[in-house]
Number of protein chains: 2
Amino acid sequence: MPEFAKRMKNMEKSAAVIAGLFQNGTDPDIISFGIGAPAREALPIDLVREIAADVFTDGKRGAEALQYAKPQGLQDLREVVAEQLLAPKGVPARAEDILIVSGGMECMNLICQVFIDPGDTILVEAPTFVHSVETFDMFQANCAAVETDEDGIVLEDLEEKIRRLHPKMVYVVPTFQNPSGKTLSLERRKRVAELGSQYDVVILEDDPYRDLRYSGEELPPIKSFDRTGHTVLANSFSKIFSPGSRLGYIYAAQDIIQKLLDAKSATNSHAPAISQVLCAEFFKRGYFESHLRRIREIHRERRDVMMECLEKFFPEGTKWVYPDGGLFTWVELPGNINTTELLKEAVAHKVSFVAGEGFFTEGGGKGQNCMRLGFSAVPPEKIRIGMERLGRLIQSKLG
Amino acid sequence: MPEFAKRMKNMEKSAAVIAGLFQNGTDPDIISFGIGAPAREALPIDLVREIAADVFTDGKRGAEALQYAKPQGLQDLREVVAEQLLAPKGVPARAEDILIVSGGMECMNLICQVFIDPGDTILVEAPTFVHSVETFDMFQANCAAVETDEDGIVLEDLEEKIRRLHPKMVYVVPTFQNPSGKTLSLERRKRVAELGSQYDVVILEDDPYRDLRYSGEELPPIKSFDRTGHTVLANSFSKIFSPGSRLGYIYAAQDIIQKLLDAKSATNSHAPAISQVLCAEFFKRGYFESHLRRIREIHRERRDVMMECLEKFFPEGTKWVYPDGGLFTWVELPGNINTTELLKEAVAHKVSFVAGEGFFTEGGGKGQNCMRLGFSAVPPEKIRIGMERLGRLIQSKLG
């Protein structure tokens with residue numbers, strides 16, 4: 001057979017990590033803290049049934065849902081994004097500066113299409129979202145890691161690496177980060193935007209978890225501090241409407257949007273029109289606000305139960321992040337426990353998680369005693385059972 | 001701002017052609033033969049209403065539609081493809097060798113991700129589907145054109161160019177080709193598959209129109225003659241179910257499917273689950289066969305009316321393709337009429353088409369007196385009006 005393209009070799013490692021994530025929790029008896037999906041109870045099944053009944057009764061709207069659409073996405077969905085999602089966060093966007101894409105991950109893909117040549121450097125957080133690294137690897141970028149602390153990416157290290165490595169792009173998940181659950185502080189948000197402008201670097205702000213806040217105060221996006229168009233805001237409807245709809249959006253300067261349109265057209269023409277119509281109606285009918293209240297409650301309870309269980313079942317010396325929102329917490333175990341090894345035993349004990357080392361691009365043993373625990377997809381009573389199982393197993397390792 | 005990636009420069013020309021196609025027919029008074037979409041009357045709005053009502057009443061199926069799915073696509077949709085779409089065409093496929101993608105165009109994107117490095121050569125038909133060329137340009141491939149005649153791609157020229165240019169891939173739309181409406185003969189199908197095996201070249205068979213046949217005998221896919229795994233079959237649900245669902249599929253050898261899975265994951269995780277569930281139900285409930293009969297009738301009538309109008313309204317010396325199916329015919333005008341120039345006047349006369357030269361990758365004035373006429377999206381009575389307008393305009397040019 002003809003050889004595969006070079007990029008396929010380049011992405012083997014991260015693709016294997018991702019493939020591993022998808023294996024997680026296929027056995028229904030395993031309580032899986034490895035899943036990064038919203039609660040099943042948070043899916044708006046009844047609302048979508050009602051909306052679909054109307055959409056497919058209205059010949060015009062039904063045809064819009066089933067026919068080809070334009071590459072940029074439905075006008076009314078882009079207006080909804082501007083009015084209901086961006087304006088309230090201090091980002092006064094125009095509908096023409098928004099591109100609707102086929103799920104949050106596609107933001108990373110399309111922005112790489114537009115900006116990344118093989119060999120370009122992308123700065124990422126340590127730890128970072130491994131699925132995006134898979135995309136960066138496919139584009140043959142060099143990922144270089146920047147330190148993080150409890151307030152997110154460390155500015156001194158970021159600036160030093162921008163100066164030294166001349167990256168094309170900085171990739172940041174500022175709110176309830178995947179995998180750490182950490183949130184970038186207000187001051188740092190401002191400064192990250194400024195660094196992009198100052199050093200002529202694209203800041204890719206990936207912010208899919210921000211609306212799932214359970215405590216603390218809302219923070220404006222990095223994009224709201226951008227004065228030069230260097231920050232590109234990527235977001236997703238997966239957590240606030242439905243992952244299966246495969247919808248997300250990019251808000252960026254008009255010259256970038258124009259290039260993204262070419263890339264979108266050459267990738268898959270346009271985002272699914274069925275999903276776009278259902279999602280636009282969900283917002284236009286005013287369902288978002290009460291739905292968001294409801295799903296925040298569901299997930300807040302799960303976060304609280306998991307925090308309680310960490311306290312109760314995990315050994316002394318364990319450190320963890322208290323996430324003000326999102327789907328994950330990040331746990332650092334005491335002793336010399338290797339979580340990749342631990343996972344095999346955990347699965348035998350019918351509980352699973354994601355081992356920490358896969359989230360560090362630089363390797364070298366970083367994160368080996370860490371794990372990502374996802375609380376969103378597991379009902380509270382099962383969180384208790386699973387955390388007790390996991391805590392006991394860890395306790396047993398410490399003798 | 002940071003520079004755009006090199007590929008963006010590379011795709012400027014084809015992206016401009018594509019952007020032009022999307023402009024076509026935004027004025028509702030213009031009768032547009034430029035559209036490459038199925039008839040609005042062919043969209044299964046009522047069936048989808050019924051299916052959606054059931055899916056979103058069943059909590060389990062509803063959750064499946066709204067939650068994350070696996071990168072390869074829903075098991076039952078892949079089984080439907082194998083049983084209802086491939087087996088009847090002499091292609092005994094296993095569900096695990098099928099990847100569900102986000103619309104037919106994404107097949108080209110993902111196959112390029114897996115096989116194409118910058119500078120690789122792709123052989124295409126002359127004329128060829130310009131939207132795919134946009135994708136090939138994004139991957140910085142060199143497109144080289146192969147001659148076609150009334151039976152499709154010319155084998156002698158194909159073999160000569162394979163020997164001389166050492167392409168990585170040959171791109172063929174074998175059935176009711178876009179833009180020409182031509183169909184590759186049985187013998188040539190067989191031989192194209194053999195050439196792929198013989199010279200170790202990927203044959204990308206893009207076959208989205210094949211089920212829309214109105215006359216003549218069905219022909220097996222090139223893939224049915226492939227004995228070595230060199231042929232990759234790309235198809236779409238846009239013409240037989242719904243373009244707005246953004247669903248397509250790739251059937252390929254398992255080692256290629258494995259690489260495509262990595263590329264799919266790094267592109268946009270998975271195809272829209274809402275669409276996948278609705279589409280799987282459409283086939284599982286046995287609606288496909290009668291729906292296909294119905295939409296063939298709708299489009300057959302439009303084809304027949306357009307053929308009749310070409311005879312009646314177009315000047316002597318005009319040549320055109322009698323398409324046995326699909327959405328398009330290809331017209332070659334007599335005299336020295338430049339169709340790109342003609343289009344401007346046609347729009348002023350409230351009728352439009354796609355000028356021929358954009359479909360030839362080699363440029364040099366090829367196709368300047370040709371046009372692609374799409375009959376599928378225009379009701380019969382409007383085809384008559386539009387074709388009379390267009391015929392008169394052309395007659396007036398010939399004096």
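## Chain A: burial and overall form

Of the 399 residues that make up chain A, 65% count as buried. The model described here is predicted.

Chain A contains 14 helices and 15 strands. Its radius of gyration is 21 Å, close to the 21 Å that the globule rule gives for 399 residues, so chain A is as compact as a globular protein of that length. Taken along the principal axes, the box filled by the C-alpha atoms of chain A is roughly 65 × 55 × 50 Å.

Where contacts in chain A link residues at least 6 apart in sequence, 75% of them join residues at least 24 apart.

## Helix α5 of chain B

In chain B, helix α5 covers residues 75–86 and has 12 residues. From its first C-alpha to its last, α5(B) reaches 15 Å, close to the 16 Å expected at 1.5 Å a residue.

The buried residues of α5(B) are B:Asp76, B:Leu77, B:Arg78, B:Val80, B:Val81, B:Ala82, B:Leu85 and B:Leu86. An α-helix has 3.6 residues a turn, so residues three or four places apart point the same way.

Against which elements do the buried residues of α5(B) pack? Their partners in chain B are the helices α4 (59–66), α11 (273–284) and α12 (288–313), together with the strands β2 (98–101), β9 (231–236) and β10 (248–251).

Key:
Residues are numbered from 1 along each chain as its sequence is written. Chains are lettered from A and ligands numbered from 1 in the order in which they are written. This is a predicted model: local features need pLDDT of at least 70, side-chain atom pairs count only at pLDDT 80 or more; totals for chains, interfaces and linings use all residues. Side-chain values use heavy atoms; hydrogens and water are left out. Helices (H or I, at least four residues) and strands (E, at least two) are DSSP runs, numbered from the N terminus. The expected span of a helix is 1.5 Å times one less than its number of residues. Buried means under 20% relative accessible area, exposed over 50%, partly exposed in between (1.4 Å probe, protein chains only). Contact means heavy atoms within 4.5 Å. The radius of gyration is taken over C-alpha atoms; the globule rule is 2.2 Å times the number of residues to the power 0.38.
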